[in-house]
Amino acid sequence: QVQLVESGGGLVQPGGSLRLSCAASGIIFRFYAMGWYRQAPGKQRELVAAITRGGSTNYADSVKGRFTISRDNAKNTVYLQMNSLKPEDTVVYYCNAHHSSWPKEYDYWGQGTQVTVSS
């Protein structure tokens with residue numbers, strides 16, 4: 001059974017920092033690209049940051065320079081360090097694990113963690 005368990009969300013003041021963690025089980029973690037997505041009410045889920053199996057990263061323009069994604073394959077965990085947080089970063093953040101083995105695609109999601117940026 002695949003599980004992605006997010007943690008680290010919460011309430012923080014504007015300009016503050018949070019670190020999200022996503023612990024994976026039931027998959028061969030090092031084979032998966034990992035990503036963080038977020039979804040505001042009534043809107044589509046959007047990619048925040050992603051990291052490939054080899055460690056290459058990409059970010060949404062809105063978070064470049066503020067957020068950093070990293071992974072620890074020994075701990076089966078992916079992280080999202082969020083600095084200089086803004087009120088518009090207030091949404092639910094979801095962890096994703098993705099693997100392609102033609103012709104199959106594998107996608108798994110965590111349950112989400114709420115981040116609230118407010119004074």
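Let's start with strands E4 and E9. E4 covers residues 33-39, and E9 covers residues 91-101. They run antiparallel, joined by seven bridges. Keep in mind that this is a predicted model.

Trp 36 has Cys 95 in E9 as its bridge partner. Arg 38 stands opposite Tyr 93 in E9.

Now stay on Tyr 93. What is its bridge partner in E11? That partner is Thr 113. So much for the residue; now the strands. E11 spans residues 113-117. Three bridges join E9 to E11, and the two run antiparallel. Tyr 93, then, stands opposite Arg 38 and is also bridged to Thr 113 in E11.

Next, E10. This strand takes in residues 104-109. How many bridges join E9 to E10? Six, again in the antiparallel sense.

E5 is residues 46-51. E4 and E5 pair over five bridges, antiparallel. Here Tyr 37 has Leu 47 in E5 as its bridge partner. This hairpin has six residues between the strands. Which residue there takes a positive phi? Gly 42, with a value near 80°.

One general point for anyone following the side chains. In a regular strand, they alternate between the two faces of the sheet.

Now the whole chain. DSSP gives 11 strands and zero helices. Along the sequence, that reads β-β-β-β-β-β-β-β-β-β-β. The radius of gyration is 14 Å, close to the 14 Å from the globule rule for 119 residues, so the chain is as compact as a globular protein of that length. Along the principal axes, the C-alpha atoms fill a box of roughly 45 × 30 × 25 Å.

What about contacts? Take those between residues at least 6 apart in sequence: 54% of them join residues at least 24 apart.

Burial next. Of the 119 residues, 38% are buried. The accessible surface of the chain is about 6600 Å². Carbon and sulfur atoms account for 47% of that surface.

Last, charge. There are 12 positive side chains and 8 negative ones. How far apart do the centres of the two sets lie? They lie 5 Å apart.

To recap on E9: seven bridges to E4, six to E10, three to E11.

Note on methods. Residues are numbered from 1 along each chain as its sequence is written. This is a predicted model: local features need pLDDT of at least 70, side-chain atom pairs count only at pLDDT 80 or more; totals for chains, interfaces and linings use all residues. Side-chain values use heavy atoms; hydrogens and water are left out. Two strands pair if DSSP finds at least two bridges between them. Helices (H or I, at least four residues) and strands (E, at least two) are DSSP runs, numbered from the N terminus. The radius of gyration is taken over C-alpha atoms; the globule rule is 2.2 Å times the number of residues to the power 0.38. Buried means under 20% relative accessible area, exposed over 50%, partly exposed in between (1.4 Å probe, protein chains only). Contact means heavy atoms within 4.5 Å. Accessible areas come from the Shrake-Rupley method with a 1.4 Å probe; for residues, only the protein chains shown count as cover. Lys and Arg count as positive and Asp and Glu as negative; His and the chain ends are not counted. The place of a charge is taken as NZ of Lys, CZ of Arg, CG of Asp or CD of Glu.
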